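Please walk through the charged side-chain pairs of this protein with the structure open beside the text.

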Amino acid sequence: MASHRRPKQPSRTRVTVLTTAAAAAVALSANAANAAPSEKLGKDEVKAKVDKLYEQAEQATEKYNGAKEKQQKLQKEISTIQDSVARGQEELNKLRDGLGSLATAQYRSGGIDASVQLFLSSNPDDYLDKASTLDQLSSQQVDALKKIQDKQRELAQERAEATEKLKDLSATRTELGNKKKEVQSKLAEAQKLLNSLTAKEKAQLAQEQQRANRSSTERVDLGDTPPGSGFAQAAFSAAQTRLGSPYVYGATGPSSFDCSGLTSWAYAQAGVSIPRTSEAQSQIGTRIYNQSDLKVGDLVFFFNDLHHVGLYAGHGQILHAPRTGTVVRYESMTTIGGPFMFGVRV
């Protein structure tokens, strides 16, 4: 006899899971059908994007350099103020000890002067206002008390100045960290793009860069370009000895450089101290707006925000540290990637 037992129904939980999975599968199938195939960037497109990212990284690098220089300057200023405060506190302690000795002497001779009692028992900062009416103040006491009051005010001012500089230092450190992250982010994004290339494309790009570096580190014909001053020529000669050194953001030599790191290092070898960043370097010396008036060793600036600087090499060429992935080399001013703004004769 056939069994008429009802088949076991799936649990509600199992039905829900199966239904959800089926719906997800249908959705994925629909999305896959409708999605446009991803387009792989070609070698030249990747290179263009990478070059742009390197330019943005260089912009951030100059901001990073500026923040780092400001941090170092603030740290020195704070250290100087703190040393001054420490010396001032010692002087104040000696002045107070001197006044205490005076009080002791008066006590031994028959009692403490009312003026000294007043000083020892109240705020010295307003002591003179209260004590000025006392007839018994001696000139020696007045002089000692004024010195104490002046020293207290001086120390209070220095401490307030140190407090403000410490706040500025904290903000500068934050900016420094942010700019470092920005540079690293741009470089990482560029590397990600380069990693998307095939091994053959990577090799082709590397060969192109090697050829560019090799051909542009050969001595440039200066033509009839007049030499700069003695120290400008010395700076240029120093930079020539660094041809082939790699670009590294934040580096100031002697084995690697960024753009303003190279120019500041080169002039330092000539015995001339110039600012660290390209923007600050643009503010010194005499500006030269006509390219034909440039001399060998002049600083030359590019882009509207002046984030790139090099040394004029003559014949429309500059000697500079271009960007990540390159080396210190000569290059035509027409291939920098940004407009020539002006030169500066240090």
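The paragraphs below take up the salt bridges one after another.

This is a predicted model, in which local features need pLDDT of at least 70 and side-chain atom pairs count only at pLDDT 80 or more, while totals for chains, interfaces and linings use all residues. Residues are numbered from 1 along each chain as its sequence is written, and side-chain values use heavy atoms, with hydrogens and water left out.

Side chains of opposite charge can pair when their charged atoms come close. Taking a salt bridge as a side-chain nitrogen of Lys or Arg within 4 Å of a carboxyl oxygen of Asp or Glu, the count comes to 15.

One of them joins Lys-52 to Glu-55, with 3.9 Å between the closest N and O atoms; both residues belong to helix α2 (residues 43-108) and lie three residues apart, about one turn of the helix. Helices here are DSSP runs of H or I with at least four residues, and strands are runs of E with at least two, numbered from the N terminus. Lys-52 is partly exposed at 43% relative accessibility, whereas Glu-55 is buried at 19%, where buried means under 20% relative accessible area, exposed over 50% and partly exposed in between (1.4 Å probe, protein chains only).

Glu-77 and Lys-165 meet in a salt bridge of 2.8 Å, N to O, and this pair links distant parts of the chain, from helix α2 to helix α5 (residues 139-195), 88 residues apart.

Arg-345 and Asp-298 also form a salt bridge, at 2.8 Å from N to O, which connects strand β6 (residues 340-345) with the loop between β1 (286-288) and β2 (299-302), 47 residues apart. Arg-345 is partly exposed at 29%, but Asp-298 is buried at 2%.
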